[in-house]
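Here is a short walk through one structure. Keep the sequence and the 3D view side by side as you read.

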Amino acid sequence: MAARPRPSASAPPPRDNPTTSATTSENAGDDTTGAIPAQAAPGAAAAAAGAAAAGAGGSAGGGPQPAMRAIGTAIRAARRRAGMPMTVLAERAGVSQPYLSQLENGRNNPSIQTLYRIANALELSPQDLLPSDADDVVVTRAGTAAGTTIEDRPDAAFARVLVGAPSKLIQVQEVTVRAGGFLGDWFEHDGEEFVYLLEGEVVIELQADRTEHLRPGDAIWYAATTPHRWRSVGAGAARILVMSAAVPRGRPH
């Protein structure tokens, strides 16, 4: 699968986790430069959006969920397979090396945008970094899906990954955002995207010439290679179902 997201040329790239304080040790993980504590941002976004505490991005003990720790392990394994030093991956992904070390060692959660940029730097699909799931049938019970913020900032929307694995073509997320919360900057990536609005009001901007105002029950499909941006515009929280389809290597899109 080749779903390599790229910040749109029409807007500046996301700025979470700036590359600073780089070190050469792969275990230098106490510096949280460019990172938000594992619970702080997801908890704030989810609570403001009316989400349950069970979806707040951390385990009962306050640390990253097992699925998030598995992502860190997958990032480290992929980096080592590529023969890429941690400092090089950090620079290419636009994060600090200590922050990347925290991710790889399971001490922090990556935001959705950070996960995409790391996958892009490794020339992988973001789904290649999710925990493997070879089951023919996947059931995700309420309150059990792993989640994280869209970006590493306090007002960012919170996303729960309902379906997604290296062997799956489709990734499904439930995104919740408080009124006026941040849903990400301009973005583009390979594949297709389908958005269904469950609650609230959201504006979808496509490139610079099309804007669609969605209300509950509205849906939109677009080629994900089209630069796009979402904005929360309602008086209350919004809840969004997002389905992204990856493009197998060698298949035109």
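Start with Glu-205. Leaving aside residues up to four places away in sequence, Glu-205 touches Trp-186, Arg-210, Thr-211, Pro-227, His-228, Arg-229 and Arg-231. Contact here means heavy atoms within 4.5 Å. With Arg-231, the side chain of Glu-205 also makes a polar contact of 3.0 Å. A polar contact is a pair of N or O atoms within 3.5 Å; within protein, one must be able to donate a hydrogen and the other to accept it, and residues adjacent in sequence count only if both atoms are side-chain atoms.

This is a predicted model: local features need pLDDT of at least 70, side-chain atom pairs count only at pLDDT 80 or more, and totals for chains, interfaces and linings use all residues. Residues are numbered from 1 along each chain as its sequence is written, and side-chain values use heavy atoms, with hydrogens and water left out.

Glu-205 sits in strand β5, residues 202-206. Strands (E, at least two residues) and helices (H or I, at least four) are DSSP runs, numbered from the N terminus. Is Glu-205 buried or exposed? Its relative accessible area is 12%, so Glu-205 counts as buried. Buried means under 20% relative accessible area, exposed over 50%, and partly exposed in between (1.4 Å probe, protein chains only).

Now turn to helix α5, residues 112-121, which holds Thr-114. Thr-114 is buried because its relative accessible area is 0%. Its side chain joins that of Ser-111 in a polar contact of 2.9 Å.

Finish in the loop between α5 and β1 (147-149), where Glu-123 is found. Glu-123 is exposed, at 55% relative accessibility. Glu-123 is not a glycine, yet has a positive phi of about 60°.
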